[in-house]
Amino acid sequence: MVAATKPAFSQDDNTFTKPSVWTLQQCIDWAKAQNIDIRQKRLSVKEQELVLDDARKSRLPDVGFSSSQNVGFRPFRESSAIVSGDQITTSSSKFSYNGSYGLNASMPLYDGGKIKNNTRLAEIDTQIAQLQLEKSELSIEESITQLYVQILYCIETIKQDNEQIKLSQAQVDRAHDVYNAGLMSHVQVVQLETQLASDQYQLVADETQLANYKLQLKQLLELDGDETLEIVVPLLDEDVLAPVPAKLDVYYAALMLRPEIKAQQLAMDRSDVNIELAKASMRPTINANAGISTSNMTSNGNFFEQLYRQWNNSIGVSLNIPLYDHGKTKNAVARARIQKESAQLDLTNNQKALWKTIENYWLEANSAQQRYIAAKEKVRYARESVELTSEQFRLGIKNIIELQNDLTNLSQANQQMLQAKYMEILNVAMLKYYQGETINI
């Protein structure tokens, strides 16, 4: 294990600093901030929060102002007289003007529960969007961990390859000395040189694999292809024999924690709300409305006096009772109930998939732990065998075939031990992760 290190960025001041050597936690922190898919999910959450805000505010009154201004032209109009008290006003204007002004408000008093249920739907959708964001974060954290462990495995494999090359090179050098002394044939020397070339080829293949895993990790981190990526290599031998968590404990914890399970449970709640919303369309609705209006005309005297005299206040209540909707409500309720059954099936499938994932991790962890113990002993015996066979080969007791077989057995044993080691580390880490613990490698 490695000690906790400072994150690659600060959430508080939103500043980012790329480390020169990356720890696993720094990779995870960086990916959560920079990965495009996660950033899109964050935008979806913000968008859904706005939808929720709209739903909540739909309870408030709608208030609006309206005004119309009209000009008329009568080219054939004759003079007209307007009597006002003891005064007579004569007008022959062919133009006329009138304006109206209104301030209106309406508010739902009862809508059968539509606003309440639409608000509840928006709340559920916001929670689901947040859970989808969490699922994406957990998914990328899991993917980064797998790649990080693969990179660690490749780094250690390359170290083993170099050790194997040194060993094969030593055998070739010794063979040349024996050949020069006239105690070995040229064919035997060529066979050892072939083994050395094979080991060198394996080193190149493993270095290529390492570069490929680093490329995949850089893509998850949204780093440029030409940027170098070096990771911290912790000491992990003591972690290989750590106890494997019980799979039932992991499963029950995951059922309570995993966002995909929570989202499916919310999907069932959403179906219940849709049922109520469908039923609401056949319930009466009551709306309150109020308004203030006034108007003026060019031929009716002073502008402000006209507005004063034409002032009108109104208030009222409207009732709407749906009687027949061609069976739309009935079908909407039936569809909502089907959606609920579908959500229940999706939840069951997700629970089964979760159990399969956890059981696979558990089986792989236990198997890898036992294989590591056996492979470690195999490496010890294979190394001793190579040392003995090399000495016997030098003395002429063993032939070149037996020495090559021992070298191959040692290489295979080292490879098996490394595979088992990192498979155990990865799978135990995943089990603890599904149990709710932070990944710490």
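**Exercise 1.** Which residues in helix 3 meet which residues in helix 8?

*Solution.* Start with the ground rules: this is a predicted model, where local features need pLDDT of at least 70, side-chain atom pairs count only at pLDDT 80 or more, and totals for chains, interfaces and linings use all residues. Residues are numbered from 1 along each chain as its sequence is written, and side-chain values use heavy atoms, leaving out hydrogens and water.

Next, locate helix 3 at residues 114–180 and helix 8 at residues 328–395; helices are DSSP runs of H or I with at least four residues, numbered from the N terminus. Now list the contacts (heavy atoms within 4.5 Å). From helix 3 come Glu142, Gln146, Leu167, Gln171 and Arg174, and from helix 8 come Tyr361, Val386, Ser390, Glu391 and Arg394.

**Exercise 2.** Find how the axes of helix 3 and helix 8 are arranged.

*Solution.* The axes, lines fitted to C-alpha atoms over the stretch in contact, with angles from 0 to 180 degrees between N-to-C directions, come within 12 Å and cross at roughly 10°. Helix 3 is therefore roughly parallel to helix 8, a label for angles under 35 degrees.

**Exercise 3.** Is arginine 258 buried or exposed?

*Solution.* First, find arginine 258 in the loop between helix 5 (247–257) and helix 6 (259–280). Then check its relative accessible area: at 7%, arginine 258 is buried, as buried means under 20% and exposed over 50%, with a 1.4 Å probe and protein chains only. Finally, leaving aside neighbours within four places in sequence, arginine 258 is in contact with Leu138, Glu142, Leu354, Tyr433 and Tyr434.

Notes. Helix = DSSP H or I, 4+ residues; strand = E, 2+ residues; numbered from the N terminus. Parallel < 35°, antiparallel > 145°, perpendicular 65-115°, else oblique.
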